Amino acid sequence: MIHDRTDPEGAIAAAAKRCSNWGRWGAEDVLGTLNFLDEAKRREGAALVRQGKSFSLAQRFEADGPQKGWRRRTNPVHTMLDTGLDAERGQGFPHGLGGADDVVFMPLQASTQWDGLGHIFDHGTAYNGRRAGDVVTSAGDRVTGIETTAGRIAGRGVLLDVGRAIGDDGELPDGFAITVEHLEATIAAQGETARVGRGDLLLVRTGRLTRARRDGWGDYAGGDAPGLSFTTADWLHGTEIAGIATDTWGFEVRPNEFDVAFQPLHQVCIPHIGLFLGEMWDLDALAADCAADGVYEFFLAADPIPVTGAVGAPVAPVAVK
């Protein structure tokens, strides 16, 4: 419970102290909670593939996307460099060969993505107690860049469909703070396959993306939304999950739970816990299948594009049951 809505600084500092993983894997560690996702956990995840059914958990990367320009975040701009018309007119290749090429410009957090460990700082300090300016420079994240995760984010995934378990018609209203009690109630309702523990990749569905698809993007990017309560910080730390992703723009509940605050749970999770946060994941098709067969665990492969020095990157996650 948040005791004083007027003191985010004190609450963040206390949670950071309780939940710190600094030094847990040594002074040079750059992986944070991905250290929990080991070979045994990947074997456990792979063993969950029984039917061969696969689900894409990525939104489309397109101009008609969720972004509204906040902090210069725009939707992807896709442009052709060579087209079929160019091929018809001749491109200089031998024996009639023709081809098309294209380019895309976009912020790396324009759509379905992971936050890297260099994305958020606490009072100028990055994950594992490093100075923020020593980690991220004009050349990018030179220590915990997203490329350090390459080949690692694959293992047991588990879906907590809080929207179905707690909400009305599968959706939570904007401003709904998902507490530990809500998470545990969802686990209890879904059964044994929804247990959450060390090394798991946890997906939390709120239904916010479902609503955006039905009603239009509106304020999906940066506006009010359901999400994780600040009070879940200790649970997120204690469960020793490797990563967590939601179907919302900002992972945590918005408005945030203090009178004046901006993403306080990020400020604990990323620089102190070293927890990888995923946002804007499309969980609807997977959730429908899980509700139909009662199985909420699966193999999840979710490596981001390894852009050297990036503090976040797009991902096209695939869940296989």
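## A walk through the predicted fold

At 81% relative accessibility, Asp 169 counts as exposed, where exposed means over 50% relative accessible area, buried means under 20%, and partly exposed covers what lies in between (1.4 Å probe, protein chains only). This is a predicted model, in which local features need pLDDT of at least 70 and side-chain atom pairs count only at pLDDT 80 or more, while totals for chains, interfaces and linings use all residues. Residues are numbered from 1 along each chain as its sequence is written, and side-chain values use heavy atoms, with hydrogens and water left out.

Back to Asp 169. This residue sits in the loop between α5 and β10, and its phi is positive, about 55°, even though it is not a glycine. For background, most residues other than glycine have a negative phi, and most peptide bonds are trans. Glu 240 also has a positive phi without being a glycine, in this case about 60°. Glu 240 belongs to the loop between α8 and β13, and with a relative accessible area of 18% it counts as buried.

Now step back to the whole protein. There are ten helices and 17 strands, with helices (H or I, at least four residues) and strands (E, at least two) taken as DSSP runs and numbered from the N terminus. The C-alpha trace spans about 70 × 50 × 40 Å along its principal axes. For 321 residues, a compact globule would have a radius of gyration near 20 Å, and the protein agrees, with 20 Å; the radius is taken over C-alpha atoms, and the globule rule is 2.2 Å times the number of residues to the power 0.38. Of the 321 residues, 53% are buried.

As for charge, the mean positions of the 30 positive and 45 negative charges are 2 Å apart. Here Lys and Arg count as positive and Asp and Glu as negative, leaving out His and the chain ends, and each charge is placed at NZ of Lys, CZ of Arg, CG of Asp or CD of Glu.

Next, have a look at helix α6, residues 180–190. Its buried residues are Val 180, His 182, Leu 183, Thr 186, Ile 187 and Gln 190. Seen down the axis of α6, these fall within an arc of 165°, so they line one face of the helix; the arc is that of the directions from the helix axis to the C-beta atoms. Glu 181, Ala 188 and Ala 189 are exposed on the other side. The cover over the buried residues of α6 includes β9 (154–161), α5 (162–166), β10 (177–178), β12 (227–228) and α8 (233–238). After α6 comes Gly 191, with a positive phi near 100°.

Helix α7, residues 208–215, buries Arg 208, Leu 209, Thr 210, Arg 211 and Ala 212. These pack against β11 (201–205) and α10 (284–293). Just after α7, Gly 216 has a positive phi of about 105°.

Phe 36, in the loop between α1 (8–19) and α2 (39–46), is buried at 3% relative accessibility. Leaving aside neighbours within four places in sequence, Phe 36 is in contact with Arg 24, Trp 25, Arg 198, Gly 199, Glu 240 and Ile 241. Phe 36 and Gly 243 lie 207 residues apart in sequence, yet 9.5 Å apart in space, C-alpha to C-alpha.

Over in helix α9 (residues 264–273) you'll find Gln 267, which is buried, with a relative accessible area of 17%. Not counting residues up to four places away in sequence, Gln 267 touches Ile 12, Ile 120, Phe 121, Asp 122, His 123 and His 272. In the loop between β13 (243–246) and α9 sits Pro 255, joined to Arg 254 by a cis peptide bond with omega about 0°.

Finally, Ala 14 in helix α1 is partly exposed, at 35% relative accessible area. Its C-alpha atom is 26 Å from that of Trp 249, 235 residues away along the chain.

Conventions:
Contact means heavy atoms within 4.5 Å.
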